[in-house]
Amino acid sequence: MFICGKQYRSIWVDQKSNKIKLIDQRKLPHVVEIITLNSLQETVRAIKDMYVRGAPLIGVTAAFGFSLAMKQDTSVNSINIAYEQLINARPTAVNLAWACQRVAKKLQEIPASDRKDFSLTLANEMADEDVETNRKIGENGADLIKKIVNNKAGSSPVRILTHCNAGWLATVDRGTATAPIYEASELGIDIFVWVDETRPRNQGASLTAWELFHNKINNKLIVDNAGGHLMQKGLVDAVIVGSDRTTVNGDVCNKIGTYLKALAAWDNNIPFYAALPTTTIDFDLENGSEIPIEERGEDEVLMVTGKTDLGKLEKVKVTLDGINASNPAFDVTPSKYVTGLITEKGVIGANRNSILTLKK
Ligand code: MRU
């Protein structure tokens, strides 16, 4: 997608230097800093410390991490070390485990002498697959938006509420929750997005609003507590969020706060969709109560970072010294509140029967 009119992906191999580049998302929206990944260790840090985040992107980043490990050492031991370190970098999004398992298995099947080149080719393929998947999610989701247009009285825009960042920065390109929005907009549908700020890390404020701004989609930032009120007032036509892991019964695990949006949508008879690649479905887990929920550091809650009037980035504390915080990073929305799952293979019900049809 676009930043200041120039097309980017969130991770790519630079043609000239052959180095792996990514946008350091910790610095957005104030600074667009592109960094180079040089080693497995740097890749693990990039995932752990959220230079990159979002379920699909951390999976693809891990694939590039394997290629950096193979540049150093192509032994089975090196594959195993990369696997252990990458898969444990973040616990909740299942795409990371899926990517690590896929790459490690393929590498073990081929001779050591082929592993260096093959691992980079595979990482690039996985990046391209993600883009294609999101394009299809966009098409399938846009069909739902067209239906909303047809059922809507008057000519006001279709108003979508989204939480966190399931935009292009959370994937390689186009996003999951935002893909239907971009697709609908490209089809000429008037579309407007309510962007939840998404405390504590503010992915909505710093990433989603920034993406939509640069890609000319009308949006307004709201505090996380405003969604229910806007729904009651009839100002939301649909909620579309991403997912970090979806279980066989259709429970959707996503950024903390998603569950409350689903409850409010349900109470107000507003459709609530999760847009996700099928790689986000954990066919080994029956329901969401089994998903490990990442607990992050309390500084994310106690501090906020922003730009001062003088243009300086500063981190400030919002509490008294000595206050403790709890910081669960994800929650689970039970399937009964989920109207449908927008996948690359079609829009399906959030239930066991529909989900099992997707299992290869
Ligand atoms: O902690 P984050 O920023 O990695 O959490 C991201 C989300 O919760 C996204 O909604 C999810 O990964 C889906 S991204 C297409």
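In what sense, parallel or antiparallel, do strand E3 (residues 11–13) and E4 pair, and over how many bridges? In this predicted model, E3 and E4 pair in the antiparallel sense, and 3 bridges are found between them. Within this pairing, Ile11 has Leu22 of E4 as its bridge partner. The hairpin that E3 and E4 form has 6 residues between the strands, and in this hairpin Asn18 adopts a positive phi near 65°.

Strand E4 (residues 20–23) also pairs with strand E5 (residues 34–37), again in the antiparallel sense, here over 4 bridges. Leu22, the bridge partner of Ile11, is likewise the bridge partner of Ile35 in E5. As for the side chains of E4, Ile20 and Leu22 point one way from the strand, whereas Lys21 and Ile23 point the other way. All four of these residues, the lysine included, are buried.

The packing of two helices may be considered next. Two packed helices are described by the angle between their axes together with the distance between those axes. For helix H1 (residues 40–48) and helix H3 (residues 76–87), the angle is about 15° and the axes lie 9 Å apart. Because angles under 35 degrees count as roughly parallel, H1 is described as roughly parallel to H3. The crossing in which H1 passes H3 is right-handed. On the side of H1, the residues that meet H3 are Leu40, Gln41, Thr43, Val44 and Ile47, and their counterparts in H3 are Ile81, Ala82, Gln85 and Leu86. By class, this contact of H1 with H3 comprises 6 nonpolar and 3 polar residues, with no charged residues.

Strand E11 (residues 252–255) and E16 run antiparallel and are joined by 4 bridges, and Cys253 stands opposite Val332 in E16.

How values were computed:
Residues numbered from 1 in each chain as written. Predicted model: local features only at pLDDT ≥ 70, side-chain atom pairs only at ≥ 80, totals over all residues. Heavy atoms only, no water. Axes fitted to C-alpha atoms, helices over the stretch in contact; angles between N-to-C directions. Helix = DSSP H or I, 4+ residues; strand = E, 2+ residues; numbered from the N terminus. Parallel < 35°, antiparallel > 145°, perpendicular 65-115°, else oblique. Left-handed = near helix turned anticlockwise from the far one by under 90°. Contact = heavy atoms within 4.5 Å. Nonpolar A, V, L, I, M, F, W, Y, C, P; charged D, E, K, R; others polar. Buried < 20%, exposed > 50% of the residue type's maximum accessible area, 1.4 Å probe, protein only. Pairing = 2+ DSSP bridges.
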